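This report goes through selected features of the structure shown below.

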Amino acid sequence: MAQPIISIRNLTTAFKLRSGWFPAVRDVSLDVERNETLCLVGESGCGKSITAMSAMGLMRTVKGCRVTGEVWFEDLDLTKLDEHAMRTIRGNRLAMIFQEPMTSLNPVLPIGQQVGEPLMFHRGMTRHEADEEAVRLLELVKIPDARRRLNQYPHQFSGGMRQRVMIAMALACGPDVLFADEPTTALDVTIQSQVLALLDEIREEHAFALVLITHDMGVVATIADRVAVMYGGEIVELAKTSVLFKSPRHPYTEALLKAIPRSDQDTKDLCAIEGQVPPIYDMPPACRFAPRCELREEICVEEHPDLRTRRGGKTHLTRCHVRNRVSRRSAA
Amino acid sequence: MSAAPILEVRDLRKVFTTKRGFPNPQTVHVQAIDGVSFAVRPGESFGLVGESGCGKSTVGRCTLQLIPPTSGEVFYKGQSITQADRRDLNRLRQEIQIIFQDPYSSLNPRLSVARMLSEPLRVHGVCDRAEARERVRETLNDVGLPADAYWKFPHEFSGGQRQRLAIARALILNPDLIVADEPVSALDVSIQAQIILKLKDLKASRDLSFVFISHDLGIVRYFCERIAVMYLGRLVELGPVPDIFENPRHPYTQALRDSSPVPDPAKKITFRKLEGEVPSPIDPPSGCHFHPRCPKCTAICREQIPEWREIAPERYIACHHPD
């Protein structure tokens with residue numbers, strides 16, 4: 001395995017509620033390589049966005065929030081950096097795209113200034129140089145008539161175009177890692193496919209690492225090289241995309257895939273997952289999926305499972321007592 | 001056609017007027033629905049799909065007269081809804097109900113479940129209090145909510161449970177037709193499947209018909225028997241579900257199907273991109289609305305509105321160059 005560009009180690013982000021501290025993200029470890037697309041997938045509240053925000057150092061200033069663990073980027077542990085040092089990296093070497101292009105752009109600044117700002121801040125460009133570069137970036141994300149649109153405001157752009165502007169902003173300084181938090185969720189399918197194609201193409205060309213957060217298994221199948229499935233703040237399964245979809249090992253992943261009606265073939269039996277995701281203040285202490293799991297055994301409610309491979313395997317990790325044990329027996 | 005349709009929409013049109021511009025606002029007209037006709041058969045789920053702003057929700061609301069259409073007619077079991085007077089309309093609304101997309105804004109936070117669900121019974125004078133209580137309890141059970149939900153308020157429920165409440169509210173009057181406007185779009189995948197299965201189950205046990213509005217092709221394929229595809233206020237294609245998905249003949253239907261991501265990396269969507277974006281309904285393109293994005297566009301597409309015609313049995317299309 002090549003040297004990962006970013007390496008998240010035992011990241012835990014806890015929030016303070018009335019009755020104590022509760023982790024929204026627990027013990028997440030992830031390595032992402034250059035030129036790779038990793039998808040973080042899960043339902044709302046599973047901690048996928050918080051993972052990315054914590055890695056970007058965006059949670060440290062939040063009151064009632066505590067981040068522990070390490071985030072290694074090159075030779076730096078980002079969690080140890082002070083805010084000043086972090087600012088030279090964030091938006092420069094690490095960039096992020098948010099879900100809502102409507103709220104993440106400043107409505108009273110022209111697009112050109114917003115795309116040019118990181119260049120002036122990190123690269124010390126002049127206004128004029130930044131404008132020139134902004135035109136190039138807007139052309140890169142295929143915004144027609146870029147030079148004229150430089151002076152327009154966000155409300156003059158459609159949803160898809162705004163998301164392209166966000167991508168251009170994120171790419172401004174040529175980042176090594178790009179976090180994209182549900183970048184296409186607010187878009188229609190025909191526009192979604194355009195934006196995904198664009199992201200894929202640019203990632204290929206600029207060889208950065210793309211961490212894409214989504215709830216849509218269809219998007220995962222389309223764009224990801226590897227997938228991390230999250231549930232209740234933990235990674236429950238981590239595998240190559242082709243492997244995960246072909247032979248999901250964690251019961252949650254399996255159930256999730258069976259709960260999606262498909263547009264390309266008839267779905268004979270759709271299976272819902274009964275119950276709902278427990279709130280963070282009421283997480284089961286052992287396996288967090290146990291109350292909804294069909295394979296539940298005694299050990300599942302007593303002991304917290306580790307995220308590990310089966311014997312002999314290297315890249316397919318699962319957090320499940322039952323599935324990891326069954327395999328050991330069949331391998332023997 | 002086998003049986004008489006339960007709902008028939010004929011040449012429905014809706015124009016919204018709005019003001020645009022600053023500092024001198026001008027009145028502009030938005031043609032939200034531009035001549036839509038279809039019929040829903042008894043016991044059928046009729047899917048209405050399209051991207052945001054194509055007018056699918058407006059069609060849903062016009063069928064219940066929640067928004068009065070500008071022109072065109074809607075018939076329910078042969079009786080005109082658009083011509084109905086207040087009293088008739090009241091009666092018709094017992095038989096046609098709607099489920100909205102967002103279970104957070106569509107439930108009154110100050111009404112308990114008991115009041116919320118018994119209100120329609122009281123308004124329509126269906127039954128006395130004791131019987132109403134009984135019916136509320138039955139309906140809660142039918143939609144899969146626990147009996148102790150009776151005295152609770154909406155904020156005590158999760159998103160999926162709220163949508164079950166919305167369904168219960170639609171069912172309480174024993175309707176024959178339900179207009180479901182993106183009923184599962186706000187929900188997570190695992191909850192989505194729960195609700196879809198519940199609706200399918202209720203449809204069979206109560207012999208319901210549905211107008212099912214959605215942008216999710218997978219869900220429509222699972223839930224509906226026939227489907228109509230809308231683009232910018234007009235229907236572009238209509239037909240039985242398996243046909244439309246296996247053999248779409250309108251270039252827009254094809255593009256829509258091909259850009260819907262499928263959870264299977266082996267079938268990676270080809271990124272067969274549809275260039276451009278949906279134009280504004282304030283200033284729609286001439287001729288066929290789809291022509292600026294269409295790979296098959298020719299001169300006639302720019303000039304003439306394609307006629308809505310039956311291209312094969314049960315298959316309707318509006319395109320100058322169908323496949």
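Two residues are in contact when they have heavy atoms within 4.5 Å. The model is predicted. Among contacts in chain B between residues at least 6 apart in sequence, 64% join residues at least 24 apart.

**Chain B as a whole**

Ten helices and twelve strands make up the secondary structure of chain B. The table lists values for the chain.

| Property of chain B | Value |
|---|---|
| Box filled by the C-alpha atoms, along the principal axes | roughly 65 × 50 × 50 Å |
| Radius of gyration | 21 Å |
| Residues that count as buried | 54% of 323 residues |

For 323 residues, a compact globule would have a radius of gyration near 20 Å, so the 21 Å of chain B agrees with that expectation.

**Helix α3 of chain B**

Helix α3 of chain B covers residues 113–123, and its buried residues are Val113(B), Ala114(B), Met116(B), Leu117(B), Pro120(B) and Leu121(B). Buried here means under 20% relative accessible area. Just after α3(B), Gly125(B) has a positive phi of about 55 degrees.

**Helices α7 and α8 of chain A**

Two packed helices are described by the angle between their axes and the distance between the axes. In chain A, the axes of helix α7 (residues 159–171) and helix α8 (residues 189–206) come within 10 Å and cross at roughly 15 degrees. Angles under 35 degrees count as roughly parallel, and α7(A) and α8(A) are therefore roughly parallel to each other. Their crossing is right-handed. On the α7(A) side, the contact is made by Gly160(A), Arg164(A), Ile167(A) and Leu171(A). On the α8(A) side, Ile191(A), Gln194(A), Val195(A), Leu198(A), Leu199(A) and Ile202(A) take part. By class, the contact of α7(A) with α8(A) has seven nonpolar, two polar and one charged residues.

**Val62 of chain A**

Where in chain A is Val62(A) found? Val62(A) lies in the loop between α1 (48–55) and β4 (65–73) of that chain. The relative accessible area of Val62(A) is 34%, so this residue is partly exposed; the partly exposed class lies between under 20% for buried and over 50% for exposed. Val62(A) and Pro279(A) are 217 residues apart along the chain, and their C-alpha atoms are separated by 20 Å.

Notes: Residues are numbered from 1 along each chain as its sequence is written. Chains are lettered from A and ligands numbered from 1 in the order in which they are written. This is a predicted model: local features need pLDDT of at least 70, side-chain atom pairs count only at pLDDT 80 or more; totals for chains, interfaces and linings use all residues. Side-chain values use heavy atoms; hydrogens and water are left out. Axes are lines fitted to C-alpha atoms, for helices over the stretch in contact, and angles run from 0 to 180 degrees between N-to-C directions. Helices (H or I, at least four residues) and strands (E, at least two) are DSSP runs, numbered from the N terminus. Angles under 35 degrees count as roughly parallel, over 145 as roughly antiparallel, 65 to 115 as roughly perpendicular and the rest as oblique. A crossing is left-handed if the near helix is turned anticlockwise from the far one by less than a right angle, and right-handed if clockwise. Ala, Val, Leu, Ile, Met, Phe, Trp, Tyr, Cys and Pro count as nonpolar, Asp, Glu, Lys and Arg as charged, and the others, Gly among them, as polar. Buried means under 20% relative accessible area, exposed over 50%, partly exposed in between (1.4 Å probe, protein chains only). The radius of gyration is taken over C-alpha atoms; the globule rule is 2.2 Å times the number of residues to the power 0.38.
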